[in-house]
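Lead me through it step by step, in short sentences.

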Amino acid sequence: MALFEGEVISVTLPGVDGEMTLLAEHAPIISPLKKGVITVKKENSEEETFPISSGTLEMSGNRAIVLV
């Protein structure tokens, strides 16, 4: 089940080595995530937040996939 799908300005995630923010054209990355909050900033400047306990991020081809 997808909690969010769509175009965004940025997404901020709780990486195990610290918080990270991804923008368009970010280099490909795979990273484990720790407990925290994912913040999605939409094009209309609204933000959505999603608390997580752990997960994995994959960013490639200007698309981020987060499994939690």
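**A walk through the strands and the pocket**

N62 is partly exposed, because its relative accessible area is 42%. Here buried means under 20% relative accessible area, exposed means over 50%, and partly exposed lies in between, with a 1.4 Å probe and protein chains only. N62 sits in the loop between β6 (55–60) and β7. Strands such as these are DSSP runs of E with at least two residues, and they are numbered from the N terminus. N62 is not a glycine, yet its phi is positive, about 65 degrees.

Some ground rules come next. This is a predicted model, in which local features need pLDDT of at least 70 and side-chain atom pairs count only at pLDDT 80 or more, while totals for chains, interfaces and linings use all residues. Residues are numbered from 1 along each chain as its sequence is written, and side-chain values use heavy atoms, with hydrogens and water left out.

Now move to another loop. S45 lies between β4 and β5. S45 counts as exposed because its relative accessibility is 53%. Its phi is near 70 degrees, a positive value in a residue other than glycine. The two strands around S45 form a hairpin, with four residues between them.

Follow that hairpin into its strands. β4 and β5 pair in the antiparallel sense over six bridges. Two strands pair if DSSP finds at least two bridges between them. One of these bridges joins K41 to its partner in β5, E47.

β4 also has a partner in β1. These two strands pair in the antiparallel sense over four bridges. T12 has T39 as its bridge partner in β4.

Stay with T12, which belongs to strand β1. Is T12 buried or exposed? T12 counts as buried because its relative accessibility is 15%. Its side chain makes a polar contact of 3.0 Å with the side chain of T21. A polar contact is a pair of N or O atoms within 3.5 Å; within protein, one must be able to donate a hydrogen and the other to accept it, and residues adjacent in sequence count only if both atoms are side-chain atoms. Leaving aside neighbours within four places in sequence, T12 is in contact with residues including E19, M20 and I38. Contact means heavy atoms within 4.5 Å.

I38 is in strand β4. I38 is buried, since its relative accessible area is 7%. Beyond its neighbours within four places in sequence, I38 touches V11, L13, F50 and V66, among others. I38 and E48 are ten residues apart in sequence, and their C-alpha atoms are 8.2 Å apart in space.

Finish at the largest pocket. Its volume is about 900 Å³. A pocket is an open set of points on a 1 Å grid over the protein atoms alone, where a 1.4 Å probe fits, with protein on both sides within 12 Å along at least five of seven lines; lining residues have an atom within 4 Å of a point. Grid points are joined across faces, edges and corners, and the volume is the space filled by probe spheres set on the points. The lining has 28 residues, and F4, E5, G6, A64 and I65 lie nearest the centre. Which element gives the largest share of the lining? That is β7, with five residues. The lining divides into 21 nonpolar, three polar and four charged residues. Nonpolar covers Ala, Val, Leu, Ile, Met, Phe, Trp, Tyr, Cys and Pro; charged covers Asp, Glu, Lys and Arg; the others, Gly among them, are polar.
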